[in-house]
2 protein chains.
Amino acid sequence: MYQPPQRYLMGPGPGPVSPSVLQASAQPTIGHLDPAFIELMNTVQGQLREVFKTDNAFSMPFSAPATGAMEACLINVLEPGDRVLVCQNGVFGVRLAEMARRCGAEVEVLEFPWGRAVDPQQLADKLGASKPFKLVCWVQAETSTGVLSDSQQLAEAVRPHGCLTLVDCVTAIGGCPIEVDAWGLDMVYAGSQKCLSAPPGIAPITVGERALDALRQRKTPVQSWFMDFSLLGGYWAGSGKRAYHHTAPVNAVYGLHEALSLLLQEGLDASWARHRVVNAALVAGLAELGIAPIPPQAERLPPLTTIGIPEGIDDAEFRTYLLNEHNLEIGAGLGDFAGKAWRIGLMGHGCNLEAVERCLNAIAAGMRKLGRDVSADAAVAAARAV
Amino acid sequence: MYQPPQRYLMGPGPGPVSPSVLQASAQPTIGHLDPAFIELMNTVQGQLREVFKTDNAFSMPFSAPATGAMEACLINVLEPGDRVLVCQNGVFGVRLAEMARRCGAEVEVLEFPWGRAVDPQQLADKLGASKPFKLVCWVQAETSTGVLSDSQQLAEAVRPHGCLTLVDCVTAIGGCPIEVDAWGLDMVYAGSQKCLSAPPGIAPITVGERALDALRQRKTPVQSWFMDFSLLGGYWAGSGKRAYHHTAPVNAVYGLHEALSLLLQEGLDASWARHRVVNAALVAGLAELGIAPIPPQAERLPPLTTIGIPEGIDDAEFRTYLLNEHNLEIGAGLGDFAGKAWRIGLMGHGCNLEAVERCLNAIAAGMRKLGRDVSADAAVAAARAV
């Protein structure tokens, strides 16, 4: 049997998976229409409503990676010619726009500098000065840049214009506040493999009534049968008989259930606070090594810290050193940040002071090897002092 | 942690998962761009080529259930207005046609009676009498009816017309012969949760050069970004640097790797023979209970036996009895066969004489409870005598 190397996962995801989640995923498979599995589906849907803070009946794990869930949300509401506004401040905003174009939608992009949040005022100005949009999309937690945008304020900016909203919460879920109903978000998709500490491959989504109405009023069929929410709703509906649509990834649902149980046991507020505090410890420690996060403090994503690569250090070579000598994975830069930034994840099960210390020690050791005069002890002490 | 009930899975899938596959899936997650994971990707691609009997570089596990892989194959080669012929002899043929219509393709259906194979002569006649088709699709192993069609003969019928071929091998893979290159199949998708005995949620596919050429010559972009083979190829390419496309379901790939290892260790020929023999034992045993398979002998799918529901027996009530009293899952009829047929799966890890005996004993016990004069012992003896 394949034995993967032991890694400390401190990249942009997957993050380390909770041992009990792995154990849950390895429970014997049962039928996807077994009454026991249908009961589990109901339980998981209830858990997702708690985590998303929503009453949306249509809350379920989408049976594919988050990239699939992202596309599913777009194609269910967009028809050829529909106008969509995509706020872009990193790779995943670019991706949203690419996918929306493949729906035949008329896509406008509102660009923000990489490493900065989406600005609610600029969004409001844009919406006020343009023809109406059917849908406005943004990424709450830009995994490519480590930037957190304020979904509550962004949703407020959109509200007077009546557009639907689609929010990427892949790296936010479990790690920073999401309040779907209070903020009035119409569609949200997330990932299993970041702060939920489950394996990748299944993606929580929640869709509100306004978005489902848009789906019901379509003039053209959704271009995908696999991703069609009206068909998926027949399988994952809140109650009644389940209509076979596809075979649910039974074991992945076991794992997600356990991951959501662990999160709800800790409590959402406690988990969000833990991510904030541990991130602050990392930032304090890195400062001792002369390394600073790229985004301004108020726009930093607690679960994922993006830092500039210290001058004169070879990107790939240093990350290979960390992986080979310390079994530590940190993330490369992506898109515009390729070769310019590193991404350090402190997510879910992996978000703790021990991980911070391991990372500081490894980076300091690598820098010392290159002749830099840095002190791991000072970095760790600074982290502990937070 | 969730403890699923212990079930004997003898439905149309998921089938029972090999214990070592579950164990492999529960190994610690590593990064999806970790050099160790990329090596595993290469290994799994090599295993898939062996199992599909192909040299196709584009052989990979698609990161979604087989329903997603089915759609991915269609949308990558079909453009609006393209002519496609779908051979239909069950639910999955109907699904292929529905998906092809959402590509804007001009879909013609060649219908065959439910419970019967796709007839190569009728296919040849149809192709000779019609305007040319870009793509011809059929289901080798119709999971809804337990019918096996002869992909080799069907491919021969298509060859003179030069159309691309797409073959559903979801329930066939590992359980009956598939020879992608020798038979000249252009695209094949399969499932993990049938005769491979892995959890559901990941789908082996293989795509040949002719189909990739059709993709390269498209005038319109593929309607899905997530399913676009040209982008997926950049991530799963045979060699060189992997371009991030989505986060692979790392643990599902561990499981699939173990499942493929078990199959290749047994040998494809041996596995196919096992499925034939065990199916024959089941059929012999059922005959003693007065139950016969629906498809004619030459068209029976060894991993999945479809039988008529014995007269006067309530479908749902009897299956509930089997589930509650014997922890045994058998499948209901699907589509035209709903309420008329049961589907008994003998797949991969679950394809053995012990399962046959368990099933015969449970069905006989249920029938005796309803006052039928049947003998479990006679049924088991008949099965053993095969």
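## Close-up views of a predicted two-chain model

**View 1. Let's start at a lysine that a database record points to.** The unreviewed UniProt entry lists A:Lys194 under "modified residue: N6-(pyridoxal phosphate)lysine". UniProt positions follow the numbering used here, feature names are shortened, and annotations may be inferred rather than shown by experiment. This is a predicted model, in which local features need pLDDT of at least 70 and side-chain atom pairs count only at pLDDT 80 or more, while totals for chains, interfaces and linings use all residues. Residues are numbered from 1 along each chain as its sequence is written, chains are lettered from A and ligands numbered from 1 in the order in which they are written, and side-chain values use heavy atoms, with hydrogens and water left out. Where does A:Lys194 sit? Look in the loop between β9 and β10 (203–207) of chain A. Strands here are DSSP runs (E, at least two residues), as are helices (H or I, at least four residues), and both are numbered from the N terminus. With a relative accessible area of 6%, A:Lys194 is buried; that word means under 20% relative accessible area, whereas exposed means over 50% and partly exposed is in between (1.4 Å probe, protein chains only). Residues up to four places away in sequence aside, A:Lys194 touches A:Pro12, A:Gly13, A:Thr143, A:Val170, A:Thr171 and A:Met347. Touching, or contact, means heavy atoms within 4.5 Å.

**View 2. Here is an arginine that the record also mentions.** For "binding site", the unreviewed UniProt entry lists A:Arg343. Find A:Arg343 in strand β13 (residues 341–345) of chain A. Is A:Arg343 buried or exposed? Its relative accessibility is 6%, so A:Arg343 counts as buried.

**View 3. Now zoom in on strand β8 of chain A.** Why is β8(A) largely enclosed by the rest of the structure? Because 5 of the 5 residues of this strand (residues 164–168) are buried. In a regular strand the side chains alternate between the two faces of the sheet. On one side of β8(A) you'll find A:Leu164, A:Leu166 and A:Asp168, on the other A:Thr165 and A:Val167, and all of them are buried. β8(A) also has partners, and two strands pair if DSSP finds at least two bridges between them. Strand β5 (residues 135–139) of chain A pairs with β8(A) in the parallel sense over 5 bridges. Strand β9 (residues 187–189) of chain A runs parallel to β8(A) as well, joined to it by 3 bridges. A:Val167 is a handy landmark: A:Trp138 stands opposite A:Val167, and A:Val167 stands opposite A:Val188 in β9(A).

**View 4. Next up is a leucine in a helix.** A:Leu260 has its place in helix α10 (residues 250–266) of chain A. At 0% relative accessibility, A:Leu260 counts as buried. Which residues is A:Leu260 in contact with, leaving aside its neighbours within four places in sequence? They are A:Val44, A:Gln47, A:Leu48, A:Val51 and A:Leu196. Take A:Val44: A:Leu260 is 216 residues from it in sequence, but their C-alpha atoms are 7.9 Å apart in space.

**View 5. Hop over to chain B for two strand residues.** B:Thr306 lies in strand β11 (residues 304–308) of chain B and is buried, with a relative accessible area of 1%. Neighbours within four places in sequence aside, the contacts of B:Thr306 include B:Thr145, B:Gly146, B:Phe337 and B:Arg343. B:Leu328 lies in strand β12 (residues 328–332) of chain B, and a relative accessible area of 1% makes B:Leu328 buried. Residues up to four places away in sequence aside, B:Leu328 touches B:Tyr8, B:Met10, B:Leu322, B:Leu323, B:Cys359 and B:Ala362.

**View 6. Finally, see how the two chains are related.** Chain B superposes on chain A by a rotation of 180 degrees with 0.0 Å of shift along its axis (RMSD 0.0 Å). That is the relation of a two-fold axis. Copies are superposed by least squares on the C-alpha atoms of residues with pLDDT of at least 70 in both. Which residue of chain B comes closest to the rotation axis? That's B:Ala64, whose C-alpha is at 2.5 Å. The same surface serves both copies, with 100% of the contact residues of chain B recurring in chain A. B:Ala64 and B:Thr306 are 242 residues apart along the chain, and 27 Å separates their C-alpha atoms.
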